[in-house]
Amino acid sequence: DVSETLVNTTALPVNVIYVYTLGTAGCSNTQNVTVTVNPMPVLTSVLNPAAICSGTVFSYPPASGTPGTLFSWSRAVVAGISNPLAIGTGNPNETLVNTTAVPVVVTYVYTLSANGCTNPTTYAVNVTVNPFPTLTSTLTPPSICSASTFSYTPTSLAAGTVFSWTRALVAGISNPSASGTGNPKEGLSNTTTSPVTVTYAYTLAAG
């Protein structure tokens, strides 16, 4: 009897041939016994795909060198991500929503099977979901007097946020339209006898 543990080191099935020689009453015969050793499928796609922004689809096409591989995945509930737990196969194609002000890592655990063989080793695919930065500084700063400088320091809880702003031409304000980043630090001149509201539209980017 043959009693061997055969290890396939490739991504494809490999045939192993046992050559049996049988003899009796002075007569001998040779016969081949062929056994196919299927590989354990291995995940060859990257385990740390590019980060995504909150509210966008996480697309991850898993890959393996073994033809016909089935990719099963599970995703637990993650603190800071509004999605419930989920399971599936292949590409998750999930829209992940980060409810915090900091990046959150979401892990998909993949199990691979092919040709009746399931790899006991699972693969953790980690994607970082960056938040959309929000303005935490006041939207209604104190009034200023005409010809004095409007100073406004924008803030956000998201680290590394870049604050870009635009200001349209405003009737009653002598300043032309303008744009910039961070604190405007503009001297605004009111040419009327009544208060005039000037609006700065901020766009925030981070991660």
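1. In this predicted model, the largest nonpolar core comprises 19 residues, and those with the most contacts inside it are Phe-58, Leu-96, Val-106, Tyr-108 and Tyr-110. Strands β5 (70-75), β8 and β10 each supply at least two residues of this core. The greatest contribution is that of β8, with 5 residues. A second, separate core consists of 11 residues, among them Val-170, Ile-173, Tyr-200 and Leu-204.

2. Residues up to four places away in sequence being set aside, Phe-58 touches Pro-49, Ile-52, Asn-91, Pro-92, Asn-93, Glu-94, Leu-96, Tyr-108, Val-125 and Val-127. This list includes Leu-96 and Tyr-108, which are also named among the residues with the most contacts inside the largest core.

3. Asn-91 is one of the residues touched by Phe-58. The loop between β6 (86-89) and β7 (94-96) holds Asn-91. Is Asn-91 buried or partly exposed? Its relative accessible area is 24%, so Asn-91 is partly exposed. Beyond the neighbours within four places in sequence, Asn-91 is in contact with Phe-58, Ser-59, Tyr-60, Pro-61, Pro-62, Trp-73 and Tyr-110. With Tyr-60 there is a polar approach: a polar atom of the Asn-91 side chain lies 2.8 Å from the backbone nitrogen of Tyr-60. As a further point of orientation, Asn-91 and Ala-124 are 33 residues apart along the chain, and their C-alpha atoms are separated by 14 Å.

4. Ser-45 should be read together with Tyr-60. Ser-45 is placed in the loop between β2 and β3 (52-53). Its relative accessibility is 14%, and it therefore counts as buried. Apart from neighbours within four places in sequence, the contacts of Ser-45 are with Tyr-60, Pro-61, Pro-62 and Ala-63. Two of these involve polar atoms of the Ser-45 side chain: a polar contact of 2.8 Å with the side chain of Tyr-60, and a separation of 3.1 Å from the backbone nitrogen of Ala-63.

5. Strands β1 (residues 14-24) and β2 (residues 27-37) run antiparallel and are joined by 11 bridges. In one of these pairings, Gly-23 has Ser-28 in β2 as its bridge partner. The hairpin has 2 residues between its strands, and Ala-25 in the turn shows a positive phi of about 50°. How many of the 11 residues of β1 are buried? The number is 1, so the strand lies largely in the open.

6. An open sheet of 3 strands has the order β13-β12-β15, with antiparallel pairing. The edges are formed by β13 (178-181) and β15 (201-205); each has a single partner strand, so one side of each is left without a neighbour in the sheet. Direction being ignored, neighbouring strands of this sheet are turned by 15° against each other on average. Strand β12 (residues 162-167) is joined to β15 by 5 bridges, and the two run antiparallel. Within this pairing, Thr-166 has Ala-201 in β15 as its bridge partner. Residue 204 of the β15 range (201-205) is Leu-204, which is included in the second core.

7. Asn-115, in the loop between β8 (104-114) and β9 (117-118), has a positive phi of about 55° although it is not a glycine. At 43% relative accessibility, Asn-115 counts as partly exposed. Ala-147, in the loop between β10 (123-130) and β11 (148-150), also is not a glycine and has a positive phi of about 75°. With a relative accessibility of 58%, Ala-147 counts as exposed.

8. How many disulfides does a search of the whole structure find? The search returns 0 disulfides. Cys-53 has a relative accessibility of 30% and so counts as partly exposed. For Cys-145 the relative accessibility is 59%, and this residue therefore counts as exposed.

How values were computed:
Residues are numbered from 1 along each chain as its sequence is written. This is a predicted model: local features need pLDDT of at least 70, side-chain atom pairs count only at pLDDT 80 or more; totals for chains, interfaces and linings use all residues. Side-chain values use heavy atoms; hydrogens and water are left out. Buried means under 20% relative accessible area, exposed over 50%, partly exposed in between (1.4 Å probe, protein chains only). Helices (H or I, at least four residues) and strands (E, at least two) are DSSP runs, numbered from the N terminus. Two strands pair if DSSP finds at least two bridges between them. Axes are lines fitted to C-alpha atoms, for helices over the stretch in contact, and angles run from 0 to 180 degrees between N-to-C directions. A disulfide is a pair of cysteine sulfur atoms within 2.5 Å. Contact means heavy atoms within 4.5 Å. A polar contact is a pair of N or O atoms within 3.5 Å; within protein, one must be able to donate a hydrogen and the other to accept it, and residues adjacent in sequence count only if both atoms are side-chain atoms. A nonpolar core is a set of buried Ala, Val, Leu, Ile, Met, Phe, Trp, Tyr and Cys residues joined through side-chain atoms within 4.5 Å.
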